[in-house]
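User: I have not looked at this one before. Can you take me through it piece by piece?

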Amino acid sequence: MSLVSIESPKHCAKRGLNVNKLSKKLFFAFSAFFTTLLSLILLIWLILRPAKPEFSLKEADIYQLSLSAPNLLNSSIQLTLLSKNPNQKVGIYYDELQVYAAYKGQQITVDSPLPPFYQGHQDSNLLTASLVGTGLPVAPSFNYEVGRDQTAGKLVLNLRANGRIRWKVGTWVSGRYRINVNCLAVMALGPTLPTGPLSSKQGTACSTTV
């Protein structure tokens, strides 16, 4: 003989309630765990509070800055920047960094990418880039503006770097943050153009936003 087990609707409902209670308990347990973990990461982040990286212009040399045709510019600039991580316990991943030169609000070289690198605690790195432009369109007033600077005795360029960085604390690595660097290069420019390159070697600090 075979035994047939018959459960009443009340028993089935009770079993369903037990499963639902277990699911809710597991959900609340996981939620509490992740909330605690995120709070701990946030607390560590607030305690360490990473300072933004520091940049300074070491040297900039203009080898070419001339119009090949009306409103078409050819340029060649060699650039050296010093990058420093001021943090004692936070490292910085530079995932992407594009460097270019601008004059009077006009970009006068194409973007030049720098290779990705990691910067340890309080480390410094020299970054060099060759910035060039061939047949870049510029405003009709470009030649006039250069003439005014020549009369004033100095040429001022903006040397800029834009990219994305990540912070590293122990084994934890943050998401990506955008970084923008702006350096001013002031170069002496007399009535006659020099035979060598125009150079700027002030070692001035650059503005950095993250």
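User: Where is K104 placed?

Analyst: This is a predicted model. In it, K104 sits in the loop between β3 and β4, with β4 covering 106-107.

User: What is the phi of K104?

Analyst: Phi of K104 is near 55°, which is a positive value in a residue other than glycine.

User: Is K104 buried or partly exposed?

Analyst: K104 is partly exposed, at a relative accessible area of 46%.

User: Which loop holds N71, and what is its phi?

Analyst: N71 lies in the loop between β1 and β2. Phi of N71 is near 70°, again a positive value in a residue other than glycine. N71 is partly exposed, and its relative accessible area is 31%.

User: Moving inside. How many residues are in the largest nonpolar core?

Analyst: The largest nonpolar core has 39 residues. L57 and L159 have the most contacts inside this core.

User: What does L159 touch?

Analyst: Not counting residues up to four places away in sequence, L159 touches L57, A60, L79, Y100, A101, L131, V181, N182, C183 and A185.

User: What about L114, where is that?

Analyst: L114 is in strand β5, residues 112-114.

User: Buried or exposed?

Analyst: L114 counts as buried because its relative accessibility is 12%, and the cut-off for buried is under 20%.

User: Which residues is L114 in contact with?

Analyst: Apart from neighbours within four places in sequence, L114 is in contact with L97, V99, L127, T128 and A129.

User: And how far is L114 from Q98?

Analyst: L114 and Q98 are 16 residues apart in sequence, and their C-alpha atoms are 6.2 Å apart in space.

User: Back to the outside. Which residues form a nonpolar patch on the surface?

Analyst: The patch is formed by L22, L26, F30, F33, F34 and L37. Together these residues have about 620 Å² of accessible area.

User: Which helix is F33 in?

Analyst: F33 lies in helix α1, which covers residues 9-48.

Technical notes: Residues numbered from 1 in each chain as written. Predicted model: local features only at pLDDT ≥ 70, side-chain atom pairs only at ≥ 80, totals over all residues. Heavy atoms only, no water. Core = buried A, V, L, I, M, F, W, Y, C linked by side-chain atoms within 4.5 Å. Buried < 20%, exposed > 50% of the residue type's maximum accessible area, 1.4 Å probe, protein only. Contact = heavy atoms within 4.5 Å. Helix = DSSP H or I, 4+ residues; strand = E, 2+ residues; numbered from the N terminus. Patch = residues over 30% accessible without salt bridge, like charges linked within 9 Å, V, L, I, M, F, W, Y side chains within 5 Å. Areas by Shrake-Rupley, 256 points an atom, 1.4 Å probe, with all protein chains shown as cover. Salt bridge = Lys/Arg side-chain N within 4 Å of Asp/Glu carboxyl O.
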